[in-house]
Structures are given as structure tokens and as C-alpha cells.
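Okay, everyone, thanks for coming. Let me put the structure up, and then I'll walk you through it.

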Amino acid sequence: MKKSVFTLERARQLTGDVWELALAGDASAIKAPGQFVNLELPGKFLRRPISVCDWTAEGLTLLVKEAGAGTRDLVRLPAGTALDTLSGLGNGFDLSAAPENAVLVGGGIGAAPLYGLARRMLAEGRRPLVVLGFRSKSDAFYLDEFAALGLEVHAAAEDGSLGTKGFVTDVLAALPDCRYVCACGPTPMLRAVHALPRLTGGQFSFEARMACGFGACVGCTIETRTGLRRVCKDGPVFQKEEILWQTSP
């Protein structure tokens, strides 16, 4: 974990409630896709954890969904705002564990860390397939950005207005060779993907409410085969075989 200051360079609205933020600063603490940052916002007591979409040595790209007062204020901050930031938080996706035919599966804002993962898999000469799910076409984002990487992208919308009508699991069930996934999204989606009978392995990135973001408060635990583990410190990415669903949030 590294404490530093990032400067908001620009904000771009992608949908009615999803924004892309570009921040300039020292991103050297970020080592893997799927890690997150914790931002201190003016006038707010708790920091806001935001998954890293992509990064370079000079800055970050974040995708932020307005989910409350904090994120609503964040996406409307003026360019040039300095943000006290904890970076390099959490354990991200393990590229070495993902096979050549891994499928990247995102639900809503869960698409964010998969973009950085896709770029780094491509840098290693691998071309993952991408499956993204949304409520409707108007909620969809980053389809063009993934396609611009040269990847095959499948979309699902619950109302049938985009791609496959239904959920990401409907797309995955129709794929002939879906055995391993790297998935991020709401817990019901992760649970449904985890239950697919053909799936032999995978990595699942959990979304959770976090008070501290670095494991001190133990407020974001899930149940695993080795006991309770913290999403912020031990995750947010967990291996498929670790996860238990009986009492997970």
C-alpha cells in the first residue's frame, strides 16, 4: 500500500450513472489488474474504494458508478482536484493461473478491472474472450474499448436490447469451450457463474462495502474453505475452489 496524491485530469460520462476518470500520479504500487485504490473525498469521513480499470507509471483510469453521495461528488469534482489516495490495495488477478482460453466475465461496473487484465494478457500474447452483461443497452459501456483491443466481445442485456437477451451465464452456456473464467460483478452474478457445471476453474473478484480498505476493520469478510477472509486484504480476487456460498454476502 502506498499513500500519495493523484490529480484528477478529466471525467467522461459513459452512461447515465457510470463515469471514466483519468488521474495523474505515481501508480507504481499497483502490480496486478484487479487491485483497487481508496480515495479521500472532500467532506467525507470514509474513503471510497474504487477498482482500477487501467494504469501506467504516470496515472490511473477508473470507472466509477454513482452509488451514493460520495461517488456522486467524486465524478463531479473539477479537473485539477488533488485526491489523497491509498493505492496498490488488495490482491488482483493472477495472470500465471489463467489459461490461454480464459473468458473474462463482467457484470455492470465489474467490467472495469477486466480491461486492465485484458491488456496485460494481450501483452503476454494471449487473446481472451470477453463477456459483459448489463441491464439494458443504455447501461452498456466499454464494449468498443474492449473491441478496440482486437478481442472478441459478447454482450448480454436483461431486457434483450443488446446482444443476448438474459445474463452472462446465458452467453457462457452457449460457448463451446468455456472452462475457466476471470469474473467480476455483483455477488448474484458471481454465484451463478461459479455454479456453471462445465467450469473447472476461475478467479472471482468480489464487490464489497469497505470501511478501511486494508484489513483492519474486518468488515468485508466472506466465507471460504479456509475460514473467513477479508475481501479488501485477502481479495478482492479469490480462486474458484476457495469460495463457499452458504453464508457469503
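So, starting with contacts: of those in the protein with a separation of 6 or more, 59% are between residues 24 or more positions apart. Keep in mind that this is a predicted model.

Now the overall picture. We've got five helices and 15 strands here. The C-alpha trace spans about 50 × 40 × 35 Å along its principal axes. A compact globule of 249 residues would have a radius of gyration near 18 Å, and the protein has 17 Å, so that agrees. Buried residues are 55% of the 249.

Let's zoom in on one spot, Gly106. You'll find Gly106 in strand 7, which runs over residues 103–107. Is Gly106 buried or exposed? Its relative accessibility is 1%, and the cut-off for buried is under 20%, so Gly106 counts as buried. Beyond its neighbours within four places in sequence, Gly106 is in contact with several residues, including Val131, Leu132, Gly133 and Cys184. Ala155 is 49 residues from Gly106 along the chain, and their C-alpha atoms are 9.6 Å apart.

Okay, over to you folks.

Conventions: Residues are numbered from 1 along each chain as its sequence is written. This is a predicted model: local features need pLDDT of at least 70, side-chain atom pairs count only at pLDDT 80 or more; totals for chains, interfaces and linings use all residues. Side-chain values use heavy atoms; hydrogens and water are left out. Helices (H or I, at least four residues) and strands (E, at least two) are DSSP runs, numbered from the N terminus. Buried means under 20% relative accessible area, exposed over 50%, partly exposed in between (1.4 Å probe, protein chains only). Contact means heavy atoms within 4.5 Å. The radius of gyration is taken over C-alpha atoms; the globule rule is 2.2 Å times the number of residues to the power 0.38.
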